[in-house]
Amino acid sequence: MKTTESNSNTKNDSFTSIRVKKNTKSDVNKFLDKANKTEDCGKITFDALISYFLKNVTNEDIEKLQMQSITWAHEDKRLKRLWEKKKGKVSENEWKEMLYIGQLSEFITENSRLQVASNA
């Protein structure tokens, strides 16, 4: 009986793909090319780069990232909760009415995390 010896390379299955925008991938590749120009140390990989930054990210960094993702939809909900905490419950219709007629402009200017354009 013939026995076949399995001589296949063992594939490392511990890796997976991450979806990023083309510009992000390009920027990372440029960064890695720059970091890997020297030949007197090992190659920095995408995985090593991400792992390094994840271990070294600060709470301030996280806050900055969170602030970049805020939209008015998020801020509307937060501001309504803040208003209700200070002034008492309002229905969604009452909130929208106050918002549209401008009763909340000063409150929003004082409490919003997003920049509010002046009407001047």
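Are glutamate 84 and lysine 80 buried or exposed? Both of them are buried, where buried means under 20% relative accessible area, exposed means over 50%, and partly exposed covers what lies in between (1.4 Å probe, protein chains only).

## About the model

Welcome to a predicted model, in which local features need pLDDT of at least 70, side-chain atom pairs count only at pLDDT 80 or more, and totals for chains, interfaces and linings use all residues. Residues are numbered from 1 along each chain as its sequence is written, and side-chain values use heavy atoms, with hydrogens and water left out.

## Overall layout

The protein chain has six helices and zero strands, and its pattern along the sequence reads α-α-α-α-α-α. Helices (H or I, at least four residues) and strands (E, at least two) are DSSP runs, numbered from the N terminus.

Of the 120 residues in the protein chain, 15% are buried. The accessible surface comes to about 11200 Å², and carbon and sulfur atoms own 51% of that; such areas come from the Shrake-Rupley method with a 1.4 Å probe, and for residues only the protein chains shown count as cover. A contact means heavy atoms within 4.5 Å. Among contacts in the protein chain with a separation of 6 or more, 43% are between residues 24 or more positions apart.

## The nonpolar core

Now for the interior. A nonpolar core is a set of buried Ala, Val, Leu, Ile, Met, Phe, Trp, Tyr and Cys residues joined through side-chain atoms within 4.5 Å. The largest one has eight residues: Leu79, Trp83, Val90, Trp95, Met98, Leu104, Phe107 and Ile108. Helices α4 (72-87), α5 (92-101) and α6 (105-111) are the elements that give two or more residues to this core.

Leaving aside residues up to four places away in sequence, tryptophan 83 touches Gly88, Val90, Trp95, Met98, Leu104 and Phe107. Leucine 104 sits in the loop between α5 and α6, and its relative accessibility of 1% is why it counts as buried. The C-alpha atom of leucine 104 is 9.8 Å from that of leucine 79, a residue 25 places away along the chain.

## Salt bridges

A salt bridge is a side-chain nitrogen of Lys or Arg within 4 Å of a carboxyl oxygen of Asp or Glu, and by this rule the count is seven. Back to the opening pair: the side chains of glutamate 84 and lysine 80 meet in a salt bridge at 3.1 Å, N to O. Both residues lie in helix α4, four residues apart, which is about one turn of the helix. Shared partners join Asp76, Lys80, Glu84, Lys89, Glu92 and Lys96 into one network of salt bridges. Glutamate 84 counts as buried because its relative accessibility is 16%. Not counting residues up to four places away in sequence, glutamate 84 touches Lys89 and Val90.

Glutamate 75 has two salt-bridge partners to look at here, arginine 78 and arginine 113. With arginine 78, the closest N and O atoms are 2.9 Å apart. Arginine 78 and glutamate 75 are separated by about one helical turn because they are three residues apart in helix α4. With arginine 113, the closest N and O atoms are likewise 2.9 Å apart. This pair links distant parts of the chain, with glutamate 75 in helix α4 and arginine 113 in the segment after α6, 38 residues apart. Glutamate 75 is buried, at a relative accessible area of 0%, whereas arginine 113 is partly exposed at 37% relative accessibility.

## Surface patch and a loop residue

Ile18, Val20, Phe46, Ile50 and Leu54 make a nonpolar surface patch of about 430 Å². Patches are made of residues with over 30% relative accessible area and no salt bridge, with like charges joined within 9 Å and nonpolar side chains (Val, Leu, Ile, Met, Phe, Trp, Tyr) joined within 5 Å. Isoleucine 50 belongs to helix α2 (residues 46-56) and is partly exposed, with a relative accessible area of 30%.

Threonine 71 is found in the loop between α3 (59-68) and α4. Its relative accessibility of 35% makes it partly exposed. The C-alpha atoms of threonine 71 and leucine 114 are separated by 8.1 Å, although the two residues are 43 apart along the chain.
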